[in-house]
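This report examines selected features of one protein chain. The sequence and the coordinates are shown below, and the discussion follows them.

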Amino acid sequence: MKYLKITAKVRICNYEELLFEEKILVDRAKAATFRAYAPYSKFNVGAAALLANGEVITGNNQENVAFPSGLCAERTTLFYAHSQYPGEAVRTLAVAAYTEGDFLDRPISPCGACRQVMLETEMRSNQPVKIILYGKKEIFIIESIKDLLPLAFDSVAIQDEKIIL
Ligand SMILES: [Zn+2]
């Protein structure tokens with residue numbers, strides 16, 4: 001029997017330690033939380049994506065009374081970015097959350113479905129997407145979605161298996 005040890009690299013810093021470009025993206029993600037439609041959870045999430053052409057696309061969670069019909073901020077942002085700029089790689093994605101009158105002290109982490117979409121965003125451009133998860137007391141920086149989604153499902157892996165079989 002063998003074991004596979006999986007490790008993830010997450011850099012932890014505070015707002016002052018961010019690069020200027022990262023601060024702008026975090027600020028845009030925070031601002032986007034105030035435009036979220038979250039009447040049910042009252043948990044507003046904002047995201048901001050920096051594209052290779054310099055454009056910043058923002059989005060937020062959009063809920064619905066038929067609960068599964070809503071969408072997370074990360075996917076709202078990435079889908080909109082790709083719908084408007086299909087040829088542009090996403091360089092960085094910042095995420096912030098606001099609830100009960102304040103931003104969270106610690107970062108929130110994207111759900112599994114969003115991680116899968118982030119992975120495809122990264123694979124499509126063949127470049128890492130840096131993820132910045134904002135918290136007032138600490139910020140997590142992940143240099144590639146592969147650190148957040150190890151052993152990910154992807155069609156290339158399946159094709160490889162089929163070749164081997
Ligand atoms: Zn999600």
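Are E22 and K130 buried or exposed? Both E22 and K130 are buried. The model in which this pair is described is predicted.

E22 forms a salt bridge with K130, and the closest N and O atoms of the two residues are 2.6 Å apart. Because E22 belongs to helix α1 and K130 to strand β6 (residues 130-133), the pair ties together parts that are 108 residues apart in sequence. In total, six salt bridges are counted in the model.

## Helix α1

Helix α1 comprises 14 residues (residues 20-33), which at 1.5 Å a residue should span 20 Å. Its end C-alpha atoms are 20 Å apart, in agreement with that expectation.

The buried residues of α1 are E22, L25, V26, A29, K30, A32 and T33. Viewed down the axis of α1, these buried residues fall within an arc of 160°, so they line one face of the helix.

## The zinc site

Which protein atoms are the donors of the zinc ion? They are the SG atoms of C72, C111 and C114, which lie 2.2 to 2.3 Å from the ion. In sequence, the spacing of the donor residues is C-x38-C-x2-C. C72 lies in the loop between β3 and α2, whereas C114 lies in helix α3 (residues 112-125), so this pair ties together parts that are 42 residues apart in sequence.

The accessibility of these two cysteines can be stated individually. C72 has a relative accessible area of 24% and is therefore partly exposed. C114 has a relative accessibility of 0%, so this residue counts as buried.

D105 forms a salt bridge with K136, with the closest N and O atoms 3.5 Å apart. The pair links distant parts of the chain, since K136 is in the loop between β6 and β7 (139-142) and D105 is in the loop between β5 (102-103) and α3, 31 residues apart. K136 counts as partly exposed at 38% relative accessibility, and D105 counts as partly exposed at 31%.

The side chain of D105 also meets that of K137 in a salt bridge, at 3.7 Å from N to O. K137 lies in the loop between β6 and β7 and D105 in the loop between β5 and α3, so this pair ties together parts that are 32 residues apart in sequence. At 53% relative accessibility, K137 counts as exposed. Salt bridges that share partners join D102, D105, K136 and K137 into one network.

## A nonpolar surface patch

Which residues make the nonpolar surface patch of about 490 Å²? The patch is made by Y37, Y40, V65 and F67. Among these residues, F67 is placed in the loop between β3 (56-60) and α2 (73-84). F67 has a relative accessible area of 59% and is therefore exposed.

Notes:
Residues are numbered from 1 along each chain as its sequence is written. This is a predicted model: local features need pLDDT of at least 70, side-chain atom pairs count only at pLDDT 80 or more; totals for chains, interfaces and linings use all residues. Side-chain values use heavy atoms; hydrogens and water are left out. Helices (H or I, at least four residues) and strands (E, at least two) are DSSP runs, numbered from the N terminus. The expected span of a helix is 1.5 Å times one less than its number of residues. Buried means under 20% relative accessible area, exposed over 50%, partly exposed in between (1.4 Å probe, protein chains only). The arc is that of the directions from the helix axis to the C-beta atoms. Patches are made of residues with over 30% relative accessible area and no salt bridge: like charges are joined within 9 Å, nonpolar side chains (Val, Leu, Ile, Met, Phe, Trp, Tyr) within 5 Å. Accessible areas come from the Shrake-Rupley method with a 1.4 Å probe; for residues, only the protein chains shown count as cover. A salt bridge is a side-chain nitrogen of Lys or Arg within 4 Å of a carboxyl oxygen of Asp or Glu. Donors are N, O and S atoms within 2.8 Å of the metal (3.2 Å for Na, K and Ca); water is not among the atoms, so sites may look incomplete.
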